[in-house]
Amino acid sequence: MGFCSPVCKVFRRGKYILLFLISLSVLAWIAHLSGETIKDAPVSFATPQALVKGDSLREKLNALAATPDRLITPAPKEECPQESPLLQGALKLSFESSLKLKDVESDNKAVIEGEYEPSDCTARQSVAILIPHRGREKHLLYLLHHLHPFLQRQQLHYAIYIIQQAGDVTFNRAKLLNVGYLEALKDYSWDCFIFHDVDLVPENDHNVYVCDKQPKHLVVGRNATGYKLRYKGYFGGVTAMNKEQFFQVNGFSNNYWGWGGEDDDLRVRVELQKMKIVRPPADIARYTMVFHKRDSGNKINKDRMRLLGRTPLVWRKDGLNSCTYKTMSLERLPLYVNVTVDIGKPLS
Ligand code: BGC
């Protein structure tokens, strides 16, 4: 005991010091390892390689959870402004004889199968443009050339439908428009419908193609008639009615074959429902009419005044609810939906 005592004391102390140092370095090593894991985690989960490198399910789930939300659910767009900042006002229209459909297509690359919506804001209304048509290809080309950029500047969600009357029976503009309304609603629940003649080109993009609380008549003036309203109750050329308004009046009559009367009939239906026709200011609601001779298949309807007299009696039974037709084809072309229909023939 006497011999061991001073030496043993030194050894015993050294043992404790050594033990202390060893524990210290083990702790330091553990701390170093865990520190590395924590530091690396966000980097590896944030990169796509994390899915390849780590093969545990947890790692994969963590990687997915770390994916930013915006990559899964796009942030909702703000509503487009009340007045589009893209409007230009009075436009310089051009009717080049060399214009080709391919040119109009390449000028309107954002239009897909006749439909467009703004990329940076949510349109205030979804609008179906319905154009009755037969054999007026050049007019249609000029109209598409002007109308597509015009509607895009107005920041609308829209689609253009061309309703083609098959065969050579007398033309029936109103029935084709009823068909357009019914067919377009199969695609989408459009808020607003624009009933548009093929030969009228709008001259000012402040004439916005949206629906109001009342039916709207958009053609106050046209070049051919000195930009004057043709008569007080005129409701032809281009009109805008929302889905419910048009439904409420049972659409157009199906019985006006040939030129004239069907627009006056629609006005009577609107008035019977105590609705009031509104119009944009005359300096804005201006149109250029592309010149043409009357089509041989669209003779003046001599029966139109008699039919008009009967409108209050028959409107409930003659209209959308009695519109029978056969769709011959429906093609989704780059600039419009092309619906070709057999609408039958006049009764007598
Ligand atoms: C016809 C309408 C036509 C208007 C203007 C009227 O006599 O009934 O259908 O829109 O004239 O041309």
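**Exercise 1. Which residues of helix H6 are buried, and what covers them?**

*Step 1.* Let's begin with the residues themselves: Arg173, Ala174, Lys175, Leu176, Leu177, Asn178, Val179, Gly180, Tyr181 and Ala184 are the buried ones in H6. (A residue is buried if 20 or more other C-beta atoms, placed from the backbone, lie within 10 Å of its own, exposed if 12 or fewer, and partly exposed in between. Helices, H or I with at least four residues, and strands, E with at least two, are DSSP runs numbered from the N terminus.)

*Step 2.* Before going on, remember what you are looking at. This is a predicted model, in which local features need pLDDT of at least 70 and side-chain atom pairs count only at pLDDT 80 or more, while totals for chains, interfaces and linings use all residues. Residues are numbered from 1 along each chain as its sequence is written.

*Step 3.* Now look for the cover. It includes strands E2 (126–133), E3 (157–165), E4 (192–196) and E11 (337–342), together with helices H7 (243–248) and H8 (262–272).

*Step 4.* Finally, check the helix length.

**Exercise 2. What is the makeup of the chain as a whole, and what share of its residues is buried?**

*Step 1.* Nine helices and 11 strands are found in the chain.

*Step 2.* Of its 348 residues, 34% are buried.

*Step 3.* Take the contacts between residues at least 6 apart in sequence: 82% of them join residues at least 24 apart. (Two residues are in contact if their C-beta atoms, placed from the backbone, lie within 7 Å.)

**Exercise 3. Which members of the largest nonpolar core touch the most other members?**

*Step 1.* The answer is Leu130, Tyr161, Phe193 and Ile194, in a core of 66 residues. (A nonpolar core is a set of buried Ala, Val, Leu, Ile, Met, Phe, Trp, Tyr and Cys residues joined through C-beta atoms within 7 Å.)

*Step 2.* Helix H5 (residues 137–153) gives the most to this core, namely seven residues.

*Step 3.* Pick Ile194 and leave out residues up to four places away in sequence: it touches Val127, Ile129, Leu130, Tyr209, Val238 and Ala240.

*Step 4.* As background, nonpolar side chains tend to be buried together in soluble globular proteins.

**Exercise 4. In what order do the strands of the open three-stranded sheet lie?**

*Step 1.* The order is E5-E9-E7, with mixed pairing. (Two strands pair if DSSP finds at least two bridges between them.)

*Step 2.* E5 (200–202) and E7 (221–222) are the edge strands, each pairing on one side only.

*Step 3.* Go through the pairs. E5 and E9 are antiparallel with three bridges, and Val201 has Thr288 of E9 as its bridge partner. E7 and E9 run parallel, joined by two bridges; here Arg222 is partnered with Tyr287 of E9.

**Exercise 5. What joins E10 to E11, and which residues does Gln164 contact?**

*Step 1.* A hairpin through four residues links E10 to E11. These strands run antiparallel, with six bridges between them, and Leu330 has Val339 of E11 as its bridge partner.

*Step 2.* Turn to Gln164, which lies in strand E3.

*Step 3.* Setting aside neighbours within four places in sequence, Gln164 contacts His133, Arg134, Asn338, Val339 and Thr340. It counts as partly exposed because it has 19 C-beta neighbours inside 10 Å.

**Exercise 6. Is Asn250 buried or exposed, and is Lys274 buried or exposed?**

*Step 1.* Most residues other than glycine have a negative phi. Asn250 has a positive value near 65 degrees, and Lys274 has a positive value near 60 degrees.

*Step 2.* Asn250 sits in the loop between H7 and H8; it is buried, because 20 other C-beta atoms lie within 10 Å.

*Step 3.* Lys274 sits in the loop between H8 and strand E9 (286–289); it is exposed, because 6 other C-beta atoms lie within 10 Å.
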